[in-house]
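I opened this notebook to record what I looked up in one structure. The entries follow in the order in which I made them.

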Amino acid sequence: MQWRIWALAAMGKFFEGMVIFITGVALPLLERYFDLPAALDGVLSAATLFGILIGASLFGNLADRLGRKFVFVWEMALFTLFLVLCALAWNIGVLIVALFSVGLALGADYPTAHIIVSESIPSKFRGRMVLGAFAFQSVGSLGGVLLGLAVLKVYPQVEAWRWMYAALIGPGLIVFLFRLTLAESAHWLLARGRIEEAHRAAQRLLKRPIAIDRGSLSLNLRTARPGFRLLFSPQYFQATILAAVPWFLQDLSTYGIGIFTPTILATLFTKTSSNFIFQDMVAAEGSGVIDLFLLFGFLTSLPLVDKVGRIPLQILGFGGCAVGLLIAAFAADIPDGHELKIFLIFAGFMIFNFMNNLGPNAMTYLLAGEVFPTEIRGLGAGFAASFAKIGAVLTAFFFPILREQIGTTPLLYILSGTAVLGGVITFMVRIEPNGKSLEELA
């Protein structure tokens, strides 16, 4: 049951990476298919992220009230339903609504996937297991680029974007059906005062007799209904800042660089070709190579997270992200066609992706689900994810506008500065969960 929970949580993160990066590959096709003005590029890119922003807080709160399993199951049903609408979208308005709704379901998965894994895994393995599931976001990112490239090769037509979204409908339905078979979180049942149900859920999870400590509660949610104001009380303010603000700063660069990497590469390397399908394929191939380093970063973090700790890796990663963005910024000033320019751009983006997933992209997600007690874990993790996605939405919407108005180089310098700020804030409000049980942290 523990491995089943982990695998189904990993698939939720996989789908998130797939959808967001498929949209990056599909964007040039959508521009041509719907004859879009440039201003709508940002709207399309931001639609899913804005849905995640809303869904994380909304469903994180519901996961505290209605149960981890309930939200974990039905968010996947919504995800699959709205993917169908994406594939069938008959105008740009319908597609934007469908992508926003897909984002709502993916947003629900941010707190619930982390929580359902962390509440089912022993403390000594918790960090690497949660990160192992979250790493599938990078697998999905790479998979989204490869899927888009495969569809373009098989069906090199403007309408190929429909098949990119349609390819995820079947896997989404399968994951929904498997999630129906999971056990509810014993931690959550205990926090609700449902002692006997918690006992049965723990036995089902562990496949052995289990004794539950009835004195481990700090708050009984049968009589208390915590709201967002509680997160900013003196008791939880430091945890809220640590969970939310560095994640916000990290998402500014992660989604700006991630979504628009194909567009940047297409501009750099295919200027002489008028075939936009060819441009999209070349950009997807280059983006796929760069996205491999997202996965390498996660694989490096897995053996380190439960030894080195969350905070050191997050600070180190922010520093590395700043260096990678600075290298890319320097490259942008080199004349077009120079081999050094190509080398530095790829090197900068690769360093950024590797250090991002070694540090802040992985650790911000992990910390948000650990630094709050069971009774408000969904609320706190959901708020942190939503606050972070404000940064993602702002970047997705304004990145193409700013890139046109101030240029790529100043924009990369700005994003490098936000990475440095993220490391400083992490150090100032640090809480290290490494080696502590969720009860100790509470």
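**Entry 1. Ground rules.** I noted that this is a predicted model, in which local features need pLDDT of at least 70, side-chain atom pairs count only at pLDDT 80 or more, and totals for chains, interfaces and linings use all residues. Residues are numbered from 1 along each chain as its sequence is written, and side-chain values use heavy atoms, with hydrogens and water left out.

**Entry 2. The whole chain.** I looked up the secondary structure and found 18 helices and 0 strands. Helices (H or I, at least four residues) and strands (E, at least two) are DSSP runs, numbered from the N terminus. I then turned to burial: of the 442 residues, 60% count as buried. Buried means under 20% relative accessible area, exposed over 50%, and partly exposed in between (1.4 Å probe, protein chains only). The accessible surface of the chain is about 16,900 Å², and 69% of that surface belongs to carbon and sulfur atoms. These areas come from the Shrake-Rupley method with a 1.4 Å probe, and for residues only the protein chains shown count as cover. Among the contacts in the chain with a separation of 6 or more, 85% come from residues 24 or more positions apart. Contact means heavy atoms within 4.5 Å.

**Entry 3. Helix 3 and helix 4.** I looked up helix 3 (residues 68-88) and helix 4 (residues 92-118), whose axes come within 8 Å and cross at roughly 155 degrees. Axes are lines fitted to C-alpha atoms, for helices over the stretch in contact, and angles run from 0 to 180 degrees between N-to-C directions. Helix 3 and helix 4 are therefore roughly antiparallel to each other. By definition, angles under 35 degrees count as roughly parallel, over 145 as roughly antiparallel, 65 to 115 as roughly perpendicular and the rest as oblique. The crossing of helix 3 with helix 4 is left-handed. In this contact I found 19 nonpolar, 2 polar and 4 charged residues. A crossing is left-handed if the near helix is turned anticlockwise from the far one by less than a right angle, and right-handed if clockwise. For the classes, Ala, Val, Leu, Ile, Met, Phe, Trp, Tyr, Cys and Pro count as nonpolar, Asp, Glu, Lys and Arg as charged, and the others, Gly among them, as polar.

**Entry 4. Helix 5 and its partners.** The axes of helix 5 (residues 123-134) and helix 6 (residues 136-154) come within 4 Å and cross at roughly 15 degrees. Helix 5 and helix 6 are therefore roughly parallel. I found Gly-132, Ala-133 and Phe-134 of helix 5 meeting Phe-136, Gln-137 and Ser-138 of helix 6. That contact has 3 nonpolar, 3 polar and no charged residues.

With helix 15 (residues 360-368), the axis of helix 5 comes within 10 Å and crosses at roughly 120 degrees. Helix 5 and helix 15 are therefore oblique to each other, and their crossing is right-handed. Gly-127, Val-130, Leu-131 and Phe-134 in helix 5 meet residues of helix 15 that include Met-363 and Leu-366.

**Entry 5. Val-305 and Arg-310.** Which residues does Val-305 contact, leaving aside neighbours within four places in sequence? I found Gly-127, Arg-128, Leu-131, Arg-310, Leu-313, Met-363, Leu-366 and Asn-434. Val-305 lies in helix 12 and is buried, with a relative accessible area of 0%. Its C-alpha atom is 7.9 Å from that of Asn-434, 129 residues away along the chain.

Arg-310 belongs to helix 13 (residues 310-332). Leaving aside neighbours within four places in sequence, its contacts include Arg-126, Gly-127, Val-305, Glu-370 and Glu-432.

**Entry 6. Leu-299 and Ala-381.** Leu-299 is in helix 12 (residues 276-308) and is partly exposed, at 48% relative accessible area. Ala-381, in helix 16 (residues 377-405), is buried at 5%. Not counting residues up to four places away in sequence, Ala-381 touches Pro-111, Trp-247, Ala-368, Gly-369 and Phe-372. I also noted 7.8 Å between the C-alpha atoms of Ala-381 and Tyr-110, which are 271 residues apart along the chain.
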